[in-house]
Amino acid sequence: MADLILYSYFRSSASHRVRIALNLKGLPYEYKAVHLLNNGGEQNRDDYTQLNPLRQVPTLIHKGRAIGQSMAILDYLEWLEPAPALFPKEPYARALVLQACEIINSGIQPLGNLSVVNELEKRAGFDQAKKNEWIQHWIHKGLTAFESMIRPHAGRFCFGDGPTAADCFLVPQVFGAIRFGADLGRVPLLAEIHETCMGLKAFANAAPGAQPDAPQSA
Ligand SMILES: N[C@@H](CCC(=O)N[C@@H](CS)C(=O)NCC(=O)O)C(=O)O
């Protein structure tokens, strides 16, 4: 059994964050695909629920022990393999990186999550066009806030000239923004940082289309 196992879905932005972090730290891992749509959603299977009680990906297994929530996983990886650091040591700088991550982690991603959007359909009769409008609204609001927050600190990456956890969160969210037709022209700095990140193997190899469970066309 591999030292590290990642339960992931190719298109899951939260799984994507963890794939980037593992790659940046050079940690090899075994990929286990959890299909979020097939068979009623494999995240709902009893054996998977034992690993992740909220029935979401990602879940990281290290030496047989499970960790859910991408932020907790990134924090764990930082202790496991401190270099390269994804969080600054200086308290204020660290708080700013966490603030940027949380804009995405709590201000954008949960509002567009599959189970949330399904509830909008069930309870409020949203069709696909309305669902997309809803998702785009939160993406625009969150990414605009993210861009204005990092602007004074950005270099080639969100904070300075090396990737941090903020870039691990940003890049998957930009993939989501493109997928849902959000206007990246409103956040030119983020579009530029995304392009810089995608020039690195750690980011390129973590992309949805590069995963073993991605359909050929992804
Ligand atoms: N805050 C969680 C979010 C995890 C999450 O929302 N995962 C989504 C995919 S990106 C999921 O598994 N959705 C399944 C569902 O909604 O049924 C984290 O950062 O790990």
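Predicted model: local features only at pLDDT ≥ 70, side-chain atom pairs only at ≥ 80, totals over all residues.
**Overall fold**

The chain has nine helices and four strands. Along the sequence they follow the pattern β-α-β-α-β-β-α-α-α-α-α-α-α. The radius of gyration is 17 Å, close to the 17 Å that the globule rule gives for 218 residues, so the chain is as compact as a globular protein of that length. Along its principal axes, the C-alpha trace spans about 45 × 45 × 35 Å.

**The sheet and its helices**

Strands of a sheet pair through backbone hydrogen bonds, either parallel or antiparallel. Here the four strands form an open sheet with mixed pairing, in the order S2-S1-S3-S4. Strand S2 (30–33) and strand S4 (65–68) are the edge strands, and each pairs on one side only. On average, neighbouring strands are turned by 25° against each other, direction ignored.

Strand S3 (residues 59–62) and S4 run antiparallel, joined by four bridges. Within this pair, isoleucine 61 has alanine 66 of S4 as its bridge partner.

Helix H1 (residues 13–24) packs on the sheet. H1 touches strand S1 (4–8), S2 and S3, and its direction makes about 150° with that of S1. Helix H3 (residues 70–80) lies across S1, S3 and S4. The angle between H3 and S4 is about 125°.

**The ligand site**

Which residues are closest to the ligand? Of the 16 residues that surround the ligand, the closest are Gln43, Val57, Gln69, Ser70 and Gln109.

| Residue | Protein atom | Ligand atom | Distance |
|---|---|---|---|
| Glutamine 69 | polar side-chain atom | nitrogen | 2.7 Å |
| Glutamine 109 | N or O atom in the side chain | oxygen | 2.9 Å |
| Serine 115 | polar backbone atom | oxygen | 3.1 Å |

On its own, the ligand has 510 Å² of accessible area, and the protein covers 91% of that.

Most residues other than glycine have a negative phi, and most peptide bonds are trans. Where does the chain depart from this pattern? One place is the loop between helix H2 (46–51) and S3, which holds proline 58. Arginine 55 is not a glycine, yet its phi is positive, at about 60°.

Another cis bond runs from alanine 83 to proline 84, with omega near -10°. Proline 84 sits in the loop between H3 and helix H4 (91–107).

How values were computed. Residues numbered from 1 in each chain as written. Heavy atoms only, no water. Pairing = 2+ DSSP bridges. Helix = DSSP H or I, 4+ residues; strand = E, 2+ residues; numbered from the N terminus. Axes fitted to C-alpha atoms, helices over the stretch in contact; angles between N-to-C directions. Contact = heavy atoms within 4.5 Å. Near = heavy atom within 4 Å. Polar contact = N/O pair within 3.5 Å; in protein donor to acceptor, adjacent residues only side chain to side chain. Areas by Shrake-Rupley, 256 points an atom, 1.4 Å probe, with all protein chains shown as cover. Rg over C-alpha atoms; globule rule 2.2 N^0.38 Å.
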